[in-house]
Amino acid sequence: MTITDLKSQRDQMHRGFQLDGYVSIPDFFDSEEITRIRENKDRYVRDIVPTMPETEVYYDDKNDPDTLKQLQNMEKHDPTFFGAMLQPDSKLTMLAEICLDEAVVPKNLQYFNKSATASTPTPPHQDGYYFHLTPNLAVTMWIALEDVAPEQGCVNYVQGSHHYGMRAHGASGTLGFSQGILDFGIPNDLDNTKSFPCKAGHVIAHHSLTIHWADGNTSGDKARQALGAVYFAARCQIDERAKAAYQARLNAQLAEQGKI
Ligand SMILES: O=C(O)CCC(=O)C(=O)O
């Protein structure tokens with residue numbers, strides 16, 4: 001999809017995002033673009049991950065590099081390639097502005113993997129619970145780096161759930177997604193669930209209040225690699241103190257459990 005295509009579909013995408021709490025765009029990145037992103041991801045894992053703080057690199061099994069699960073702030077550690085993906089003139093930034101229909105600031109480029117040998121479900125959650133924002137207005141773009149079938153742990157959204165505010169969250173016990181919705185599974189959740197198996201290059205973008213989750217990878221032989229690009233509405237206030245306190249508590253817990 002080109003910038004021109006994005007501009008021409010602006011109204012339709014924005015309306016869909018407002019109504020459903022997400023948009024789904026197959027072929028957002030073409031195969032050449034995805035190949036380039038994957039090559040740079042491989043370079044990043046080889047050259048940059050060894051230099052990163054352990055609080056930004058999670059493994060399902062710390063002793064097995066094949067179980068790399070999550071990376072944070074890739075745009076800061078590699079401004080030339082991953083930073084450029086979030087620049088003001090990038091397709092991702094334009095999509096974020098279309099979704100929210102206002103100025104946005106990029107916050108985090110993440111890597112999410114579910115390895116073939118060790119992976120856990122992503123608990124039902126709302127990203128906004130982690131963001132500490134007023135108003136809670138942000139968008140996450142989830143970018144498939146490979147084809148993802150349901151058994152690899154595709155993402156599921158509860159359609160329209162962003163209209164109903166923040167649900168109560170509590171400790172999930174899941175590395176990388178420490179908080180989950182406590183009463184998930186009420187009929188409204190189950191009746192409105194939409195699943196997103198997708199091809200490499202597909203982008204799904206969700207509101208910070210949209211409930212989403214993913215199963216573990218049970219394929220046995222395939223990974224499930226994706227990037228997540230987070231943007232906040234520029235006018236949001238961040239409660240930095242609450243955010244830093246939460247992160248410090250989490251890091252201390254993970255260190256105590258030997259996970260980082
Ligand atoms: O990749 C996943 O399993 C979930 C990703 C997610 O929760 C997110 O992008 O906010």
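Biologist: Over how many bridges do β5 and strand β13 pair, and in which sense?

Modeller: Happy to start there. Strands here are DSSP runs of E of at least two residues, helices are runs of H or I of at least four, and both are numbered from the N terminus. Two strands pair if DSSP finds at least two bridges between them. β5 and β13 (residues 212–214) are joined by 2 bridges in the antiparallel sense; T122 has A214 of β13 as its bridge partner.

Biologist: What should I keep in mind about the model and its numbering?

Modeller: The model is predicted: local features need pLDDT of at least 70 and side-chain atom pairs count only at pLDDT 80 or more, while totals for chains, interfaces and linings use all residues. Residues are numbered from 1 along each chain as its sequence is written.

Biologist: Which strands form the open sheet that contains β5?

Modeller: Its 4 strands run in the order β5-β13-β8-β11, with antiparallel pairing. β5 (122–125) and β11 (193–196) each have a single partner strand, so one side of each is left without a neighbour in the sheet.

Biologist: What is the order of the open sheet of 7 strands?

Modeller: Follow β1-β12-β7-β14-β4-β3-β2, again antiparallel. From one strand to the next, the twist averages 15°; axes are lines fitted to C-alpha atoms, for helices over the stretch in contact, and angles run from 0 to 180 degrees between N-to-C directions. β1 pairs with β12 (residues 203–207) over 4 bridges, and I25 stands opposite V203.

Biologist: Which helix packs on that sheet?

Modeller: Helix α6 (residues 91–100) does, touching β1, β4 (104–113), β7, β12 and β14. Contact means C-beta atoms, placed from the backbone, within 7 Å. The direction of α6 makes about 135° with that of β7.

Biologist: Which residues surround the ligand?

Modeller: A residue is near a molecule if its C-beta atom, placed from the backbone, lies within 6 Å of it. Among those surrounding the ligand are F112, T122, D127, W142 and H212. β7 (138–144), β13 and β14 (225–233) each supply at least two residues of the shell.

Biologist: How many of the 17 residues of α9 are buried?

Modeller: The count is 0, where buried means 20 or more other C-beta atoms within 10 Å of the residue's own, exposed 12 or fewer, and partly exposed in between, with C-beta atoms placed from the backbone. After α9 comes G258, with a positive phi near 75°.

Definitions and conventions:
Contact = placed C-beta atoms within 7 Å.
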